[in-house]
Amino acid sequence: MLPTQQGSFRLFRFKGIDVHVHWSWFLVAIYSVSGRLPNYASPIWAVLEYLALFLTVLLHEFGHALACRSVGGSSDQIVLWPLGGVAYVAPPPRPGATLWSIAAGPLVNLALLPVFVGLFYAYRAAGMLHVNSDLTRFLQAIIVMDVSLLVFNLLPVYPLDGGQILRSLLWYPLGRARSLLVATIIGFIGGAALLGLAVWLQSLWTGIMALFLFSRCWRSYQEAGALRRLEALPRRPGFKCPVCHAAPPIGEYWVCPACKGTFDPFVTNAVCPHCQAALALTTCVDCHNARPQRSWDASIVDV
Ligand SMILES: [Zn+2]
Ligand SMILES: [Zn+2]
Ligand SMILES: [Zn+2]
């Protein structure tokens with residue numbers, strides 16, 4: 001259950017990253033603007049407050065996407081939907097690269113905080129806050145919004161940023177698979193606490209969010225199991241992935257794109273034994289990058 005391009009339209013493209021907005025954002029827009037109307041004398045400030053939220057979430061997601069690219073990962077899509085934004089990031093499978101790609105999002109909120117607080121004090125020094133009480137409430141609201149986003153995202157509940165940061169830190173001592181396993185188990189506990197909070201607060205929104213986190217956490221828990229099985233496979237010496245440097249597993253784990261038969265390209269020199277089709281690229285089972293077979297030769301020194 002992840003937002004996809006379905007039901008979304010492309011808003012714009014920046015640095016090769018497509019920004020999609022799900023249609024339901026407009027329902028949320030109407031809902032949140034009308035909810036904020038009583039706070040202001042003029043309705044324009046409720047609209048501005050919503051736009052500030054939209055922009056802050058967008059900047060947060062760009063933080064993830066650009067950080068992921070800076071460490072050699074790929075990211076080409078951001079989708080904004082009612083439960084927040086999602087930046088589709090695929091950092092290289094290393095703890096440091098993953099940590100930076102995830103931490104960059106909350107760091108954007110942290111960097112925005114002095115900007116918002118600075119604006120508040122600048123307007124106060126200029127005496128503007130007494131002139132326009134709507135402006136006062138607006139500036140206070142965006143500071144509260146930014147802090148709330150920061151705190152919520154840093155909850156150590158996988159797959160929230162905090163949970164993924166925890167996972168990246170655990171990756172160093174525990175490895176890729178076990179760190180994900182531990183982080184998702186903590187995520188289940190956190191998700192249950194959030195669900196309890198939703199019942200206590202009688203908040204439908206918190207309940208939906210908790211269920212969403214649960215379902216994502218469950219998928220990642222299964223992924224951790226798959227990663228553990230992958231890590232346990234015997235590996236073939238003499239070859240290594242040119243991207244992540246992992247040796248390929250021994251066995252017929254590759255699918256021929258022509259005949260769909262399975263084979264081991266490291267035995268057949270990248271030729272399908274069923275239909276004789278030559279495999280242009282060999283995909284790494286560990287990092288999912290596809291590179292020509294000859295670049296997998298471990299005797300070739302990287303330059
Ligand atoms: Zn984030
Ligand atoms: Zn790889
Ligand atoms: Zn084939």
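**Helix packing and the sheet**

The crossing of helix 3 and helix 6 is left-handed, meaning that the near helix is turned anticlockwise from the far one by less than a right angle. This is a predicted model, in which local features need pLDDT of at least 70 and side-chain atom pairs count only at pLDDT 80 or more, while totals for chains, interfaces and linings use all residues. Residues are numbered from 1 along each chain as its sequence is written, and chains are lettered from A and ligands numbered from 1 in the order in which they are written.

The axes of helix 3 (residues 95-125) and helix 6 (residues 161-174) come within 9 Å and cross at roughly 160°. Axes are lines fitted to C-alpha atoms, for helices over the stretch in contact, with angles from 0 to 180 degrees between N-to-C directions. Helices (H or I, at least four residues) and strands (E, at least two) are DSSP runs, numbered from the N terminus. Helix 3 and helix 6 are therefore roughly antiparallel, the term for angles over 145 degrees.

Among the residues making this contact are Leu99 and Ile102 of helix 3 and Ile165 and Trp171 of helix 6; contact requires C-beta atoms, placed from the backbone, within 7 Å.

Strand 2 (residues 17-22) and strand 3 (residues 74-81) run parallel, joined by four bridges.

Technical notes: Pairing = 2+ DSSP bridges. Parallel < 35°, antiparallel > 145°, perpendicular 65-115°, else oblique. Contact = placed C-beta atoms within 7 Å.
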